[in-house]
Amino acid sequence: MTDEYRTAIHEAGHAVMSALKNKGIEYVTILPSDKGLGECKNVDDKPGEEDSDIVQGLWLRREVLILISGTIVEAVVMGMHPIKTRGKHDYDVVNMILQGFDDEVAQKNIDEVTADAFELFRKPIVQKQIKAIADALVERKTLSGDEVKQIMKQVEGAA
Ligand SMILES: [Zn+2]
């Protein structure tokens, strides 16, 4: 397996989870930048101060879920050990957005969301979608949010 393919799988994990959870995707790429080996750029939809705690809590949980998805997908699809330096930036961001919560709550949140991610990524159809996105990324390097959704639909239609 090439390093590029592994990056593609990682970014496909972020992208597929975003799409499954109705989080907008601007683009996903395996072209390296100062942010890392690749990037899944999501639409910023952070709730405002005026939004309820429930809305903010659900948003936060989804953010964490999408962030950890790159690392979890490497574990599920490729059998890699879940905590790898490759996902370090993702986990740094998770820790940043969980700041202000007490450690126990933050850890419980990460554990629950990790379990959710494992469950979703074990589904055969989702694994097929991730591989299809990863293949397209290796070929085209960058995909728009619409292209991600299109590929996922094609896989569903073929199943
Ligand atoms: Zn990542």
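Reader: At roughly what angle do the axes of helix α1 and helix α6 cross?

Author: This is a predicted model. Helix α1 covers residues 3–20, and helix α6 covers residues 145–158. Their axes come within 10 Å, and the crossing angle is roughly 80°.

Reader: Are α1 and α6 then roughly parallel or roughly perpendicular?

Author: The axes cross at roughly 80°. Angles of 65 to 115 degrees count as roughly perpendicular. The two helices, α1 and α6, are therefore roughly perpendicular.

Reader: Which residues in α6 are met by Ala 15, Val 16 and Ala 19 in α1?

Author: By class, this contact of α1 with α6 has five nonpolar, no polar and one charged residues. On the α6 side, the residues met are Val 148, Lys 149 and Met 152.

Reader: What is the order of the three strands in the open sheet?

Author: β1 (residues 25–29) pairs with β2 (residues 39–42) in the antiparallel sense, over four bridges. Three bridges join β1 to β3 (residues 142–144), also antiparallel. The order is β2-β1-β3.

Reader: Which residue in β3 is the bridge partner of Val 28?

Author: In β2, Val 28 stands opposite Cys 40. β1 is joined to β3 as well, by three bridges. There, the bridge partner of Val 28 is Leu 143.

How values were computed:
Residues are numbered from 1 along each chain as its sequence is written. This is a predicted model: local features need pLDDT of at least 70, side-chain atom pairs count only at pLDDT 80 or more; totals for chains, interfaces and linings use all residues. Two strands pair if DSSP finds at least two bridges between them. Axes are lines fitted to C-alpha atoms, for helices over the stretch in contact, and angles run from 0 to 180 degrees between N-to-C directions. Angles under 35 degrees count as roughly parallel, over 145 as roughly antiparallel, 65 to 115 as roughly perpendicular and the rest as oblique. Two residues are in contact if their C-beta atoms, placed from the backbone, lie within 7 Å. Ala, Val, Leu, Ile, Met, Phe, Trp, Tyr, Cys and Pro count as nonpolar, Asp, Glu, Lys and Arg as charged, and the others, Gly among them, as polar.
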